[in-house]
Amino acid sequence: MDNQLYINRRERVFAEMEEGSCAVFFAGELVKRSSDSTYPFSVNRNFFYLTGLDEDGLVLQLVKTSQGRKEILYIKEYDAMAEKWVGRSIRKEEAIETSGVKVIQVIPQFDAAFARSVNFNTLSIVYIDSERFDTKSRPFEGETFGKKVKDLYPGLTIVNLNTTINGFRSLKTSAEIEALKKAVDITQHGVEAILRNLKPGMKEYEAVAHFNYELSRHNAKPSFDTIAASGPEACILHYVQNDRTINDGELVLFDLGAEYGHYCADISRTFPANGKFTERQKELYNIVLLAQKRVIEAIKPGVTLQTLNEIVKQTYRVEAVNAKIIDTPEQIDEIYYHGVSHLLGLDTHDVGQVESMVLKPGHVITVEPGLYSKKEKIGIRIEDDVRVTEQGYEILSPDILKEVEDIEAFMSR
Ligand SMILES: [Mn+2]
């Protein structure tokens, strides 16, 4: 993607800012794992969205005054020793080329530069980007920065732009759709590798290894911890132990995805370990598939996620009772206990979602009904990634096997 994309996105942020203000965004820091090792760096997705840059420590500052607009990017100082040990950091020319920001300074200058811009530009508002999902987790850099500014400059107003940028991110451009399709395509390679190798007696993690191998081959990594849940474990929604032996006659539920260029695929499939569904497994599987198809067909602008979820429940109230999975429609919560959709993008559970969210062209959502019968030791989930278009929908993952006949035919090869 060329840098005009990022310039445009920052323009949208500027448009939200008052005159006499600045906005600060952080790429994030490396997180300590143990001793001298750190977790793999994961860039703040809003920072990446605004700059296209993926390196720890970077800071973006946007200033809007009566004199005009200024963009400054702070990168690492050249450090010969660090380059020998951990590799080269981004150079000024590369940062300009990728992000389109023209003024580049080094990170140690940021504090003084921020103080100067507050004093000399007589700023009254500082915009931060602070996200928090619970009260206990480690604060992100935007939150820490906001607290510091409040402490040092009690007269300034702090405004959080997180929801605004999340709103921008929830509507995808065609370049983003292409990136998602690429992630889905790699995921399909991984799923087919699983299907070629799946057999009774193997450990769940062995099946996952085939998936991971395909991802690595395509320079991708998993979007999230892969779920490979056989038999009764499939009733646990986020089962990631993956250390059980897969038995003959069981179904195996896979929930997985490739992340490519930071865009995340999220696919679920449920396969028979020995390559052939039993009649009962087929019966349950096709109920989930029916619900999934009904939901997909209902997707168009104006529809809410709640309505989509209701389609799943409506289907189960009839079909699950007919199939005697439950006795009465009221027992549906025992066999289906999650939502059918979430947004997808730079995050697997992408930002910008609220319960009552109304679909618009450009939204990309998952469609993932599940059905979990503890009694029968069966868990089934079928998940595809779908883009909302002007008229309706486009399935981004149309070629990943999901019909019973197609799965069985593929596995018998
Ligand atoms: Mn999902």
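Reply: Happy to. One term before the tour: helices (H or I, at least four residues) and strands (E, at least two) are DSSP runs, numbered from the N terminus. Also, this is a predicted model.

Me: OK, zooming out. What does the domain assignment give for the protein chain?

Reply: The assignment gives domain 1 (4-169) and domain 2 (171-412). Their C-alpha centres lie 36 Å apart.

Me: How many residues of domain 1 are in contact with domain 2?

Reply: There are 10 residues of domain 1 in contact with 13 residues of domain 2.

Me: Now the inside. Which residues touch the most other members of the largest nonpolar core?

Reply: Those are Phe25, Leu308 and Tyr316, in a core of 100 residues. Helix H8 (residues 174-197) gives the most to this core, with nine residues. Each of domain 1 (4-169) and domain 2 (171-412) supplies at least three residues to this core.

Me: Tell me about Phe25. What is Phe25 in contact with?

Reply: Leaving aside neighbours within four places in sequence, the contacts of Phe25 include Val13, Phe47, Leu58, Leu62, Asp129 and Ile165. There is also a second, separate core of 17 residues, which includes Ile72, Tyr74, Phe145 and Leu156.

Me: Switching to sheets. What is the order of the six strands in the open sheet?

Reply: The order is S6-S5-S4-S1-S7-S8, with mixed pairing. At the edges are S6 and strand S8 (157-160), each pairing on one side only. From one strand to the next, the twist averages 25°.

Me: How do S4 and S5 pair?

Reply: S4 and S5 pair in the antiparallel sense, over seven bridges. Within that pairing, Leu62 stands opposite Glu71 in S5. Helix H1 (residues 4-16) packs on the sheet and touches S1, S4, S5 and S7; the direction of H1 makes about 45° with that of S4. Helix H4 (residues 92-99) packs on the sheet as well, touching S5 and S6, and its direction makes about 130° with that of S5.

Me: What about helices? Which residues of H5 are buried?

Reply: In helix H5 (residues 110-120), the buried ones are Phe110, Ala113, Phe114, Ser117 and Val118. They are on the same side of H5, because they cover an arc of only 135° around the axis. Elements that the buried residues of H5 pack against include strand S1 (21-26), strand S7 (125-128) and helix H6 (141-152). After H5 comes Thr122, whose phi is positive, near 40°.

Me: And what are the buried residues of helix H12?

Reply: For H12 (residues 404-412), they are Val404, Ile407, Glu408, Phe410 and Met411. Their arc is only 165° around the axis, so they are on the same side of H12. These buried residues pack against H8, strand S14 (267-272) and helix H10 (279-298).

Me: Last one: what do S16 and S17 form?

Reply: They form a hairpin with four residues between them, and Lys377 in the turn has a positive phi of about 55°. Strand S16 (residues 370-373) and S17 pair in the antiparallel sense over four bridges. Gly370 has Arg381 in S17 as its bridge partner. In strand S17 (residues 378-381), Ile378 and Ile380 point one way, Gly379 and Arg381 point the other way, and all are buried.

Methods: Residues are numbered from 1 along each chain as its sequence is written. This is a predicted model: local features need pLDDT of at least 70, side-chain atom pairs count only at pLDDT 80 or more; totals for chains, interfaces and linings use all residues. Side-chain values use heavy atoms; hydrogens and water are left out. Buried means under 20% relative accessible area, exposed over 50%, partly exposed in between (1.4 Å probe, protein chains only). The arc is that of the directions from the helix axis to the C-beta atoms. Contact means heavy atoms within 4.5 Å. A nonpolar core is a set of buried Ala, Val, Leu, Ile, Met, Phe, Trp, Tyr and Cys residues joined through side-chain atoms within 4.5 Å. Domain bounds come from an automatic or database domain assignment. Two strands pair if DSSP finds at least two bridges between them. Axes are lines fitted to C-alpha atoms, for helices over the stretch in contact, and angles run from 0 to 180 degrees between N-to-C directions.
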